[in-house]
Amino acid sequence: MYAYILLTHAKTLPSALIKLWTGDAYTHAALALDTPQHMYSFGRKGKYNFLNEGFTENELKDQPADLRLMILRLTISPAQQRQLACLIRSFRNRRNQLHYNFSGILGLMLQKEIHRQDRFFCSQFVAAVLAECGICAFPKPCCFIKPADFAQIDEATCCLKA
């Protein structure tokens, strides 16, 4: 059984601003179960309004053709898969109460922990879910994880880089 981390960089203004700040090749992180085709994350819900934000579900086939993409695969146990699926279901069921953690991004930039209930940014969400399910342990708090940090996970296998 597998979990997938999808690292992306799109040609959008938010991605360009994140890349300018981090200098990293990938500016967004998402999580997928069993297959990388259906992914979960936090970000914009609409294409043009970055204020319409929160928990998102997207299909890989619906992404722009010029999307920079890296797919990392993690081997997980059946128990971890069940726990991960249950946790994702919980996020899906609460999607209307969940929001993007704009203040958390500021905290990441300042290296100051800022926690807000029911708010995540993309890489914080992926790291928190993986940590809660015992799939990955991170050397720093989840609120300090950037998309590029996932490429450093020893247990992850890169199965696509485009």
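**Salt bridges, helices and surface**

Tutor: K146 and D24 form a salt bridge in which the closest N and O atoms are 3.5 Å apart. Please keep in mind throughout that this is a predicted model.

Student: Where do K146 and D24 lie, and why does the pair matter for linking parts of the chain?
Tutor: K146 is in the loop between α4 (122-132) and β8 (157-161), while D24 is in the loop between α1 (13-22) and β2 (28-33), so the pair ties together parts that are 122 residues apart in sequence.

Student: And is D24 buried or exposed?
Tutor: D24 counts as buried, because its relative accessibility is 15% and the cut-off for buried is under 20%.

Student: How many salt bridges does the structure hold?
Tutor: There are seven salt bridges in the structure, and one of them joins the side chains of E57 and R92, with an N to O distance of 2.9 Å. That pair links distant parts of the chain, since E57 belongs to strand β4 (residues 53-59) and R92 to helix α2 (residues 78-93), 35 residues apart.

Student: Which other residue forms a salt bridge with E57?
Tutor: E57 also forms a salt bridge with R95, and here the closest N and O atoms are 2.3 Å apart. Because E57 lies in strand β4 and R95 in the loop between α2 and β6 (99-100), this pair ties together parts that are 38 residues apart in sequence. Through salt bridges that share partners, E57, R92 and R95 are joined into one network.

Student: What about the accessibility of E57?
Tutor: E57 has a relative accessible area of 22%, which means that it is partly exposed. R92, at 38% relative accessibility, counts as partly exposed, and R95, at 27%, counts as partly exposed too.

Student: Switching to the helices, at what angle do α2 and α4 pack?
Tutor: α2 and α4 pack at an angle of about 135°, and their axes are 9 Å apart. The two helices are therefore oblique to each other, given that angles over 145 degrees would be needed to count as roughly antiparallel.

Student: Is the crossing of α2 and α4 left-handed or right-handed?
Tutor: The crossing of α2 and α4 is right-handed.

Student: How many residues of α4 are buried?
Tutor: Eight of the 11 residues of α4 are buried, so this helix is mostly covered. The buried residues are C122, S123, Q124, F125, V126, A127, V129 and L130.

Student: What follows α4?
Tutor: α4 is followed by G134, which has a positive phi, near 70°.

Student: Which residue other than glycine has a positive phi near 65°?
Tutor: D118 has a positive phi near 65° and is a residue other than glycine; D118 is placed in the loop between α3 and β7 (119-120). With a relative accessible area of 23%, D118 is partly exposed. D34 also deserves a mention here, as it has a positive phi of about 65° although it is not a glycine.

Student: Where is D34?
Tutor: D34 sits in the loop between β2 and β3 (38-44), and at 44% relative accessibility it counts as partly exposed.

Student: Now the surface: which residues form the nonpolar patch?
Tutor: The nonpolar patch on the surface is formed by W21, L106, M109 and L110, which together have about 400 Å² of accessible area. Its largest share, three residues, comes from helix α3 (residues 102-110).

Student: How far apart are L106 and A127 in space?
Tutor: From C-alpha to C-alpha, L106 and A127 are 18 Å apart in space, and they are separated by 21 residues in sequence. In terms of cover, A127 is one of the buried residues of α4, whereas L106 counts as partly exposed.

How values were computed. Residues numbered from 1 in each chain as written. Predicted model: local features only at pLDDT ≥ 70, side-chain atom pairs only at ≥ 80, totals over all residues. Heavy atoms only, no water. Patch = residues over 30% accessible without salt bridge, like charges linked within 9 Å, V, L, I, M, F, W, Y side chains within 5 Å. Areas by Shrake-Rupley, 256 points an atom, 1.4 Å probe, with all protein chains shown as cover. Salt bridge = Lys/Arg side-chain N within 4 Å of Asp/Glu carboxyl O. Helix = DSSP H or I, 4+ residues; strand = E, 2+ residues; numbered from the N terminus. Buried < 20%, exposed > 50% of the residue type's maximum accessible area, 1.4 Å probe, protein only. Axes fitted to C-alpha atoms, helices over the stretch in contact; angles between N-to-C directions. Parallel < 35°, antiparallel > 145°, perpendicular 65-115°, else oblique. Left-handed = near helix turned anticlockwise from the far one by under 90°.
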